[in-house]
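User: Please help me learn to read a structure like this one. I'd like the general idea for each feature, then the case at hand.
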Amino acid sequence: MGAKLNNAAAGTANYVDERTSIGGFVKFFARKLFPDHWSFMLGEIALYAFIILLLSGVFLTAFFVPSMTEVHYEGPYETMHGVAMTEAFASTLKTSFEVPGGLLIRQIHHWSALLFLAAIMTHMCRVFFTGAFRKPRELNWLVGFTLMILGLAAGFTGYSLPDDVLSGNGLRIIDGVVKSIPLIGSYTSYWLFGGEYPGVDIIPRLFTAHVLIVPGLILALVALHLFLVFLHKHTQYPGGGKTHKNVVGLPLFPVYTAKAGGFFFVVFGVVALVAAVFTINPVWNYGPYDPSPVSAGTQPDWYILFVDGALRLMPGWVFGLPLEWEIFGYTLSMNILLPAVIIPGLFFGIIALYPWLEAWATGDKGEKHVLDRPRNAPVRTGIGVAMIVFYVILVIEGSNDIVASLFHLSLNDLTIFFQWTIFIFPPLAFWITKRICMGLQRKDRELVLHGHETGTIVRHENGEYIEVHQPLDEQEVWLRVNYDNRKPLEIEPEFNERGVRRPGYKWDLFKQRLSKFYYEERVEPVTWEEYQEAQRHHGPSEQGKAEAVEAEHADERLNKEWESVDKAESTDK
Amino acid sequence: MNTLARKRHHKAAPLLLVLALLALITGAAAFAAPSATATAEASADDVVAGERLFAANCASCHGLDAEGQDGVAPSLVGVGAAAVDFQVGTGRMPMQASGPQAPAKPVQFSQDEINQLAAWVASLGAGPAIPTAEQVDGSLGDAANGMEVFRTNCAMCHGSIGGGGALTQGKFAPSLLETTPEHIYEAMLTGPQSMPVFNDANVTPEQKRDVIAYLEAQQAGSPGGLSLGAIGPVSEGLWAWLILLGLIIASTIWVGARSS
């Protein structure tokens with residue numbers, strides 16, 4: 001039976017191989033090596049969330065009607081009886097309440113959208129803090145960044161499709177943001193909405209973007225992203241035997257294929273569980289879109305909250321000066337343009353270009369395949385934490401009404417607090433993180449040079465006390481010493497020996513300043529000489545070692561003695 | 001220890017003592033307060049009893065004549081019985097401490113006493129009366145119409161289905177998911193604290209009943225499962241990070257733990 005099955009499988013494989021020569025590819029992929037770590041699966045979560053989105057999305061398109069034609073609801077949901085609404089909203093209600101399993105699939109779709117973005121950002125953080133974006137992976141960082149932006153676009157276009165009050169308000173804010181852009185704003189808004197907001201075109205247009213353009217682009221870029229991962233080979237965490245020139249890991253087949261395949265079902269299972277238990281985006285509560293009502297708790301999905309937060313944070317007047325200017329009869333709304341366009345633009349710009357920023361500072365042209373421990377790049381880690389703090393402040397400010405009512409705080413005071421702390425907390429977070437990283441580096445030096453504390457203290461016969469240290473094993477030492485000792489860049493002088501100014505000096509000077517910011521203050525890894533020196537001088541002598549071994553079991557011996565004393569006492573009674 | 005002392009110091013003695021006292025007090029109260037089953041109409045006796053209760057519990061802020069004090073408490077002349085039934089019936093009055101707003105708390109008076117207080121305040125000047133059972137019967141209302149009335153008039157503070165929301169300077173619109181129909185109606189009628197008055201010309205009595213029907217439909221729960229506080233996408237986002245991504249990352253660690 002088994003032999004028969006094997007023959008059949010081999011036969012089929014041979015049939016396919018003879019016609020496609022696929023065997024070579026299968027062999028290549030199956031033998032591709034990957035290092036192992038749980039944090040390398042964060043991107044996989046995003047990929048699987050995307051697959052769930054595609055599957056559930058195909059189901060939803062079978063029932064959704066992307067039309068703004070007005071109808072009166074005649075379905076089973078009581079609080080909507082006879083209410084005027086667009087077909088888009090009516091079909092969403094129909095999917096939720098009349099299609100078997102429709103509500104569950106809608107909730108799976110929406111929950112996995114939230115998960116998709118959360119997983120992408122967590123994955124980005126992992127890549128950032130471990131320095132996995134360095135050469136040769138800068139372009140792949142940019143591909144991943146674009147995927148994140150496309151994820152935001154996919155989320156926002158999908159969020160607006162049901163044409164409910166909540167998403168309609170979100171769309172109205174986007175319309176306002178677009179209109180705040182100088183010169184092209186009003187035209188762009190008219191072009192997007194096919195006339196004055198809201199018009200009757202936006203839902204079909206968003207639908208095309210949501211089900212065709214954006215997912216198509218995401219799919220293509222995911223393919224490119226994964227292709228580049230294969231091309232570059234995966235990065236690996238530092239450790240014994242791991243260098244920039246090798247990959248230590250297991251082949252893709254069979255362990256990783258099994259792990260990854262199984263993990264898809266874990267992700268799908270958790271999403272389905274959450275979707276089955278918790279309501280998400282209850283559009284039947286919000287009702288069909290109507291530009292007049294705006295309810296409390298009107299917020300975008302979490303990944304757009306930071307823009308909303310920036311808008312809420314922005315004062316209309318600063319030190320008595322208005323931020324809305326009228327120039328030659330044209331209005332320039334800096335109070336919208338600044339928080340909703342310029343700040344997110346700068347924030348995302350820094351993220352996108354960060355690999356080059358750091359490359360300028362290091363001046364290193366070599367390929368990096370071993371990851372950094374975050375502590376060994378204190379300035380980068382500090383920048384990352386500062387950006388997270390900045391982002392989180394905006395998200396909390398975007399939820400300021402929820403936070404205020406939950407913790408019984410004053411909404412106004414909360415906003416004023418964040419208006420100040422948005423300038424104070426990120427630099428503070430940078431400084432604290434940098435200090436913590438350097439502290440950890442110093443601790444590593446200490447450990448390498450002096451070993452682990454054993455808590456054993458030995459007294460010599462001459463009365464001298466020594467503390468016994470346990471030297472680190474090779475793996476532990478490797479982990480702690482094997483990182484780049486970067487120093488600020490040295491640049492050529494401004495003038496050559498004939499006193500002629502060198503072209504490109506200013507650019508070099510900029511890079512040097514950047515480099516000083518990164519590396520002027522640093523903790524250098526233990527060198528081989530220092531290590532040898534420490535072994536000779538501070539390492540325990542033979543006599544000390546022998547005494548330490550003797551002392552190691554002193555506790556046990558003492559305990560035994562006490563026990564025997566106890567026993568003797570109890571027999572006395 | 002002698003027997004007498006042992007009896008005196010029995011463990012249950014304080015409890016028994018308290019119970020006996022309680023029985024005495026409630027018994028006395030039962031005799032003292034005339035039973036209010038007879039009629040909902042305020043009798044002259046109710047007004048007199050209400051004035052006494054007011055003097056003892058409310059007058060320190062609102063004044064003996066209920067005309068209020070500047071900056072301390074408003075005049076209650078003309079607020080009507082509905083306002084008293086709402087404020088005292090939800091425990092907001094008597095106010096425990098000054099703050100941005102008086103929160104709902106355990107009710108301090110019996111319904112009879114509240115009716116007496118209401119009768120006295122109503123006798124000071126014409127104002128909205130306590131609604132009848134028919135006026136607040138949600139089953140007679142149209143929930144779909146209530147949805148439209150609610151979201152144009154109420155949702156901007158109370159949230160799309162009445163989950164509550166924040167107002168300025170620490171004030172807030174409370175959740176309506178556990179409020180009784182009478183109190184919802186009275187709140188609309190009298191506009192307590194930061195809430196505006198929705199009089200019968202503004203939102204008709206039928207529309208008020210429709211709102212009650214809508215809110216009762218929400219109190220039945222969400223068709224999609226647990227509602228996470230019904231406060232919109234913020235709690236959903238928090239949940240996505242903590243539970244959804246949290247569980248999945250926990251499983252990556254579990255999968256990755258058996259590594260090479």
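Analyst: Let's start with domains, whose bounds come from an automatic or database domain assignment. For chain B, the assignment gives domain 1 (42–130) and domain 2 (131–222). Keep in mind that this is a predicted model: local features need pLDDT of at least 70 and side-chain atom pairs count only at pLDDT 80 or more, while totals for chains, interfaces and linings use all residues. Residues are numbered from 1 along each chain as its sequence is written, with chains lettered from A and ligands numbered from 1 in the order in which they are written.

User: How many Å separate the centres of domain 1 and domain 2 of chain B?

Analyst: Taken over C-alpha atoms, the two centres are 22 Å apart. Two residues are in contact if their C-beta atoms, placed from the backbone, lie within 7 Å. Here 15 residues of domain 1 of chain B and 14 residues of domain 2 of chain B take part in the contact. Residues are also sorted by class: Ala, Val, Leu, Ile, Met, Phe, Trp, Tyr, Cys and Pro are nonpolar, Asp, Glu, Lys and Arg are charged, and the others, Gly among them, are polar. The side of domain 1 of chain B that touches domain 2 has nine nonpolar, five polar and one charged residues.

User: Which elements run along chain B, and in what order?

Analyst: Elements are DSSP runs numbered from the N terminus: helices (H or I, at least four residues) and strands (E, at least two). Chain B has eleven helices and two strands. Reading from the N terminus, you get α-α-α-α-α-α-α-α-β-β-α-α-α. Of the contacts in chain B with a separation of 6 or more, 68% are between residues 24 or more positions apart.

User: How do two helices pack, say H5 and H6 of chain B?

Analyst: Helix H5 (residues 80–89) and helix H6 (residues 111–124) of chain B pack at about 145 degrees, and their axes are 8 Å apart. Then there's handedness: a crossing is left-handed if the near helix is turned anticlockwise from the far one by less than a right angle, and right-handed if clockwise. H5(B) passes H6(B) in a right-handed crossing. Among the residues making this contact are Ala81(B) and Val84(B) of H5(B) and Ala118(B) and Ala122(B) of H6(B). By class, the contact has nine nonpolar, two polar and one charged residues.

User: Is Ala81(B) buried or exposed?

Analyst: A residue is buried if 20 or more other C-beta atoms lie within 10 Å of its own, exposed if 12 or fewer, and partly exposed in between, with C-beta atoms placed from the backbone. Ala81(B) is buried because 25 other C-beta atoms lie within 10 Å. Leaving out residues up to four places away in sequence, Ala81(B) touches several others, including Ala119(B), Ala129(B) and Ile130(B). Ala81(B) and Ala129(B) are 48 residues apart in sequence, yet their C-alpha atoms are 5.0 Å apart in space. Across chain B, buried residues make up 39% of the 260 residues.

User: How many residues does the contact take from chain B and chain A?

Analyst: It takes 52 from chain B and 62 from chain A. On the chain B side, H11(B) gives the largest share, 17 residues. By class, that side has 28 nonpolar, 21 polar and three charged residues.

User: Where is the kink in helix H16 of chain A centred?

Analyst: The bend at a residue is the angle between axes fitted to the seven residues ending there and the seven starting there. In helix H16 (residues 411–450) of chain A, a kink of about 50 degrees is centred on Thr421(A). Buried residues of H16(A) include Leu411(A), Pro426(A) and Phe430(A). After the helix comes Gly451(A), with a positive phi near 85 degrees.

User: Which residue other than glycine has a positive phi near 50 degrees?

Analyst: That's Phe328(A), in the loop between strand E7 (324–327) and strand E8 (330–333) of chain A. Phe328(A) counts as exposed because it has 4 C-beta neighbours inside 10 Å. Lys233(A), also not a glycine, has a positive phi of about 70 degrees, and with 16 other C-beta atoms within 10 Å it is partly exposed.

User: Which residues does a cis peptide bond with omega about 10 degrees join?

Analyst: Lys135(A) and Pro136(A). Pro136(A) lies in the loop between helix H5 (102–130) and helix H6 (138–160) of chain A. Another cis peptide bond joins Tyr197(A) and Pro198(A), with omega about -10 degrees.

How values were computed: Axes are lines fitted to C-alpha atoms, for helices over the stretch in contact, and angles run from 0 to 180 degrees between N-to-C directions.
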